[in-house]
Amino acid sequence: MHLRWPFRRQVKEWFSVSLRDTLVLLAIMLAAAAFCALSRQVFDSSDSWASMVFVLAVLFTAINTSGYLYGVLAALIGVVGVNYVFTYPYFAFNFTMQGYAFTFAGMLAVSIATSVLATRLKRQEYLRAETEKEKMRANLLRAVSHDLRTPLTNIAGASGVLLEGGDRLSGAQQRELLRGVNQDAKWLIRVVENLLSITRIGAGEAAGLHKEPQPAEEIISEAVQKFRKNFAGMPVRVEVPRLLLMVPMDALLIEQVLLNLMENAVYHAKNATYIQIQALREGQRAVFLVRDNGEGVPAELLGALFSGSIPAEKRATSDGRRNMGIGLSVCSTIVEAHGGRMTARNLPGGGAEFAFSLPLEEKEEPDGSEG
């Protein structure tokens, strides 16, 4: 009788072997043994508490490795180590002694239970995080559906009018319809670019990033130039530090973050007359600020701006056609994949500020969960 494939895959995941986890197991077990041996020599203490040290070692191993295999191995190594090295008779097993077998079996049970419980708790946390990701994907899909439907309907309607009755329209009317088609097509391109960005970074992982030290001033300049091609009527003020600020980043993705934030100000910052972009250094992080002088963000929406869960009716723009429904979610995903964090707030004097920070020093293992 063969195991069903999903179960076989689950078993393989639980008991997978990796060099990293093997080294973690060895390091923790050796540290526990060294600590017990050193304590015996320095404090001349009994070994009655050595079992507690190894139970803690089992717990740390289960937490810091994947699956069940290494936690169970740690439990077995710990039981053997305590009963062979740190329990009389030393360097020997004697199951004929009263209580020895019970102690051996009891510690093995406690160690394995500790390992299994720690692994299950870690698994539950993983499943909770996956559930949150699925919820965000569902919200993103709803936002994309809304963002695509309206411009596609407009394009179909305008092109249909031109095809069926274009000869009865004046030149100005035809140009107006074509202008709307062009604007909606550009908007669709931006939506697709956002979706491709999410695909590149693998649902929040940094594996798809190509990070290199880049001058913050040049990245801002490139983003502003692209923005002005479509929004020449909106002034942009730029402030950068006097000293060159080199930031490890994927230049194209960070440009897209800045573009999304500027476009968001155009579409959503009511009565805004300018946009301000500022880059500065705060400790070991580079901070980018995008401000406007509009009416700010409704207080009830501030907490949901980056989750993609804002209802469509609350994301609509004044013209009813285009919005950045997924833009802010994409911005947050890109920044988090860089190991950064993103915030939004209303300014005391009016307007909104969107800020994100990026670490200035590369880590050996980038952490995208910092928040």
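The legends below describe close-up views of a predicted model of one protein chain.

**Figure 1. Overview of the protein chain.**
The secondary structure of the predicted chain comes to ten helices and seven strands. The chain has 371 residues, and buried residues make up 40% of them. Among contacts in the chain with a separation of 6 or more, 74% are accounted for by residues 24 or more positions apart.

**Figure 2. Asp-21 in helix α2.**
Asp-21 lies in helix α2, which spans residues 19–43. With a relative accessibility of 4%, Asp-21 counts as buried, because the cut-off for buried is under 20%. Leaving aside residues up to four places away in sequence, Asp-21 touches Asn-64, Thr-65, Ser-66 and Tyr-70.

**Figure 3. Packing of helix α3 against helix α4.**
The crossing of α3 past α4 is right-handed. On the α3 side, the contact is made by Ala-50, Ser-51, Phe-54, Val-58, Thr-61 and Ala-62. On the α4 side, the residues are Tyr-70, Gly-71, Ala-74, Ala-75, Gly-78 and Val-82. Sorted by type, the residues of this contact are eight nonpolar, four polar and no charged.

**Figure 4. Packing of helix α8 against helix α10.**
Helix α8 (residues 251–268) and helix α10 (residues 327–337) meet at an angle of about 150 degrees, with 9 Å between their axes. This angle makes α8 roughly antiparallel to α10. The crossing of α8 past α10 is left-handed. From α8, the contact takes in Leu-253, Ile-254, Gln-256, Val-257, Asn-260, Leu-261 and Asn-264. From α10, the residues are Gly-327, Leu-328, Val-330, Cys-331, Ile-334 and Val-335. The residues of this contact divide into nine nonpolar, four polar and no charged.

Asn-271 sits in the loop between α8 and β4. Its phi is near 65 degrees, which is a positive value in a residue other than glycine. At 59% relative accessibility, Asn-271 counts as exposed, because the cut-off for exposed is over 50%.

**Figure 5. The five-stranded open sheet.**
Five strands form an open sheet with mixed pairing, in the order β2-β4-β5-β7-β6. The edges are held by β2 (236–239) and β6 (341–346). Each of these edge strands has a single partner strand, so one side of each is left without a neighbour in the sheet. On average, and with direction ignored, neighbouring strands of this sheet are turned by 15 degrees against each other.

Six of the eight residues of β4 are buried, so β4 is largely enclosed by the rest of the structure. Strand β4 covers residues 275–282 and runs parallel to β2, to which four bridges join it. Across this pairing, Arg-237 stands opposite Gln-276, and Glu-239 has Gln-278 as its bridge partner. With strand β5 (residues 285–292), β4 runs antiparallel, and eight bridges join the two. Here Ile-277 stands opposite Val-290 of β5. The hairpin of β4 and β5 has two residues between the strands, and in this hairpin Gly-283 takes a positive phi near 65 degrees.

Edge strand β6 is joined by six bridges to strand β7 (residues 352–359), and the two run antiparallel. Arg-345 has Glu-353 in β7 as its bridge partner. Five residues lie between the strands of this hairpin, in which Gly-350 takes a positive phi near 110 degrees.

How values were computed
Residues are numbered from 1 along each chain as its sequence is written. This is a predicted model: local features need pLDDT of at least 70, side-chain atom pairs count only at pLDDT 80 or more; totals for chains, interfaces and linings use all residues. Side-chain values use heavy atoms; hydrogens and water are left out. Axes are lines fitted to C-alpha atoms, for helices over the stretch in contact, and angles run from 0 to 180 degrees between N-to-C directions. Angles under 35 degrees count as roughly parallel, over 145 as roughly antiparallel, 65 to 115 as roughly perpendicular and the rest as oblique. A crossing is left-handed if the near helix is turned anticlockwise from the far one by less than a right angle, and right-handed if clockwise. Contact means heavy atoms within 4.5 Å. Ala, Val, Leu, Ile, Met, Phe, Trp, Tyr, Cys and Pro count as nonpolar, Asp, Glu, Lys and Arg as charged, and the others, Gly among them, as polar. Two strands pair if DSSP finds at least two bridges between them. Buried means under 20% relative accessible area, exposed over 50%, partly exposed in between (1.4 Å probe, protein chains only).
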